[in-house]
Protein chains: 2
Amino acid sequence: MKMSATIKDVAKLAGVSISTVSRVINDSKPVSSEVKKKVLDAIEELGYRPNEVARTLVTKKSFLIGVIVTDIGNSYVAQMVRGIEEVGKMYNYDILLCSSYGDKETELRFIQLLNRKQVEGIVLLSEIVNEEVKEQMNLLNIPFVYLNRYFYIEDFPTVSIDNHDAAYEMTNYLLKLGHENIAYVTTDEELEYSLEKLKIAGYRKAIEEYGKYSEVLCYTKGYNIEDGYEIGKDILNLKHTHNITAVFCSHDELAIGLMNYLYDNDIKVPEDISIAGYGDIKIASTYRPRLTSIKEPYYDIGAVAIRWIIKELKGEELEKNHIKLPFQILKRESCAKLEE
Amino acid sequence: MKMSATIKDVAKLAGVSISTVSRVINDSKPVSSEVKKKVLDAIEELGYRPNEVARTLVTKKSFLIGVIVTDIGNSYVAQMVRGIEEVGKMYNYDILLCSSYGDKETELRFIQLLNRKQVEGIVLLSEIVNEEVKEQMNLLNIPFVYLNRYFYIEDFPTVSIDNHDAAYEMTNYLLKLGHENIAYVTTDEELEYSLEKLKIAGYRKAIEEYGKYSEVLCYTKGYNIEDGYEIGKDILNLKHTHNITAVFCSHDELAIGLMNYLYDNDIKVPEDISIAGYGDIKIASTYRPRLTSIKEPYYDIGAVAIRWIIKELKGEELEKNHIKLPFQILKRESCAKLEE
DNA sequence: ATGAAAGCGCTAACAC
DNA sequence: GTGTTAGCGCTTTCAT
């Protein structure tokens, strides 16, 4: 098993010094065309490929961005990672992927790990609140973007949509469809730092402005499809006790779970009840009926996050530490006009 | 901005040589406990973290595995990557992720890139046939596993289920439900190296053994949900001309697309027609009605692939170059007993 | 048990 | 335009 060729081998074969070879491969200084040819030939003959590890050691540029995610199996996470990776590649950056599965300690461990691997920046895609992460990152002193779909982050760069406005607009849309008693499905968890605070405020504002009816909040145990399914019974009750005609779920996952429950219990969407989601995850437009939702541009969020890091790496000082991206109300069949 | 501490700084602060520090952090040679303490204290005080890049340069171990995927946005791909990453982490390996989006040249480029980054092994998760990849990989001389859900790979390590048997069993299951005219939906593409060859053979075998009816093949343009949707009209035709009562799709994506078409055209599944898929992607059990399918254990496929690489890295010579994992027929509501 | 020194493969002054 | 040399931060003989 022969070792792969090094710059020395190339230099020897071409009969030049290693610096000349370096100049040729990096195009860093002028090299006479005859010498250049000799070097190129030698490279070709030996199948030489520069060792990026050695290069990184001296240049301090690893062209690596660490990405810590909760679970790449979540479609919204995958979309963000796509954005991160694709834009990263445009600038020659590669992605080092770590999955924390939502564990606090694991997030911390991965930050250390990525640091040792000399990544130039980190995107943390979390679903929890982790104050220690902030301390750690401040020590590391490398560009860092903190993405979180459930909680807001202070003092650190973040990318998201305007959650208040999004919830407000969706509620108004449902109102416009003729629904007056609209339930909002949110989570049971404590609301400190929760984006639900903002979203509930947006929902509430629309309800209050409308003036005729009052809000109906419905609590789940979590944010997953199963949690949405479990809330099904409660929704059915609300339909009878409060004459709920539309349900606005704080996450598409909940909406899909709820629709599954309704399907399994022979309740028709949107004929019997309208359902709206939040996020526009992949399944929203695949499911039948298609789910009315708010498009959170996951791909773009990832793309913007990494572009931010790369800009910082280039020395550009960015002022704002929270970028807001536009959202969109996607009107699909799961919400229908209420016929009296 | 202070640079992070190096082994030299630690040595100086602890008043020992760098070799001693190295011994402490690697636990590679005995060090007297008093010296050890001094070193540990110095490390603590400086917040020293070993530079893995420098370490890699001398040890030749990067603890990096390159993973080239088509698109992490595909749920089956994400599941495989989960398996790869999770098992990798157990052995301290990290994942360098690259998305080729199905482009041949990009696959090749990434192999070179990963090589330069000194990855110790590569998992290629492809959806095309790319002979050049094999040549390239043979030159690289590092462990390599070639995963492909659509085509079979010769002369290279691969992990999959037994596609022939899986299709055979599913067809038998449908037959057992009372369906006699079962259409098989496959792709239009040339079948060289296609796994469809094996799957069609399995389907055919079951049909022939049953003896009473003959096969009905239905061709799509591709493997996606949209392709499944497009075939809807043809299926409806077959229902009338050939009295088709069940459709076995070569991929879950096609089945979901088809069910969407049927939903949009008020055909009930499974009342009017039974639908079976292949793969058990995430949406199969979320969609309503739930899709009867064949479980391809994507997570396990990824896990086995990387374990293979790691074993090879440890010097264990593996004999077989194709591992077959067990599959499972998942019986769900999209297929019903045919009542006469 | 500890230190000195070589060297991993490369870049970047610095000479000429 | 090209070669020489000094590191980058670490591990690993080889002495002591």
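Predicted model: local features only at pLDDT ≥ 70, side-chain atom pairs only at ≥ 80, totals over all residues.

Residues are numbered from 1 along each chain as its sequence is written, chains are lettered from A and ligands numbered from 1 in the order in which they are written, and side-chain values use heavy atoms, with hydrogens and water left out.

**The two copies**

- Strands of a sheet pair through backbone hydrogen bonds, either parallel or antiparallel.
- In chain A, four strands in the order 7-6-8-9 form an open sheet with parallel pairing. Two strands pair if DSSP finds at least two bridges between them; helices (H or I, at least four residues) and strands (E, at least two) are DSSP runs, numbered from the N terminus.
- Strand 7 (216-220) and strand 9 (274-276) of chain A are the edge strands, each pairing on one side only.
- On average, neighbouring strands of this sheet are turned by 25 degrees against each other, direction ignored. Axes are lines fitted to C-alpha atoms, for helices over the stretch in contact, and angles run from 0 to 180 degrees between N-to-C directions.
- Strand 6 (residues 182-187) and strand 7 of chain A run parallel and are joined by five bridges; here A:Ala183 stands opposite A:Val216.
- Helix 8 (residues 163-176) of chain A packs on the sheet and touches strand 6, strand 8 (246-249) and strand 9 of chain A. The direction of helix 8 makes about 165 degrees with that of strand 8 of chain A.
- Helix 9 (residues 195-210) of chain A lies across strand 6, strand 7 and strand 8 of chain A, at about 175 degrees to strand 6.

**The sheet of chain B**

- Chain B has an open sheet of four strands in the order 7-6-8-9, with parallel pairing.
- The edge strands of this sheet are strand 7 (216-220) and strand 9 of chain B.
- Four bridges join strand 6 (residues 182-187) to strand 8 (residues 246-249) of chain B, and B:Val185 stands opposite B:Cys249 in strand 8.
- Helix 11 (residues 232-241) of chain B packs on the sheet, touching strand 6, strand 7 and strand 8 of chain B.

**Cavities**

- There are five cavities of 30 Å³ or more. On a 1 Å grid over the protein atoms alone, a cavity is a set of points where a 1.4 Å probe fits but cannot get out, and lining residues have an atom within 4 Å of a point; grid points are joined across faces, edges and corners, and a volume is the space filled by probe spheres set on the points.
- The largest cavity holds about 160 Å³ of space. Its lining includes A:Glu52, A:Lys117, B:Glu52 and B:Lys117, and helix 4 of chain A and helix 4 of chain B each supply at least two lining residues.
- The second largest cavity has a volume of about 80 Å³, and strand 5 of chain A gives the largest share of its lining, three residues.

**Backbone details**

- The peptide bond from A:Val269 to A:Pro270 is cis, with omega near 5 degrees; A:Pro270 is in the loop between helix 12 (252-264) and strand 9 of chain A.
- B:Lys60 is not a glycine, although its phi is positive, at about 70 degrees; B:Lys60 lies in the loop between helix 4 and strand 1 (64-69) of chain B.

Technical notes
Contact = heavy atoms within 4.5 Å. 1 Å grid on protein atoms, 1.4 Å probe; cavity = no way out; pocket = protein on both sides within 12 Å on 5 of 7 lines; lining within 4 Å.
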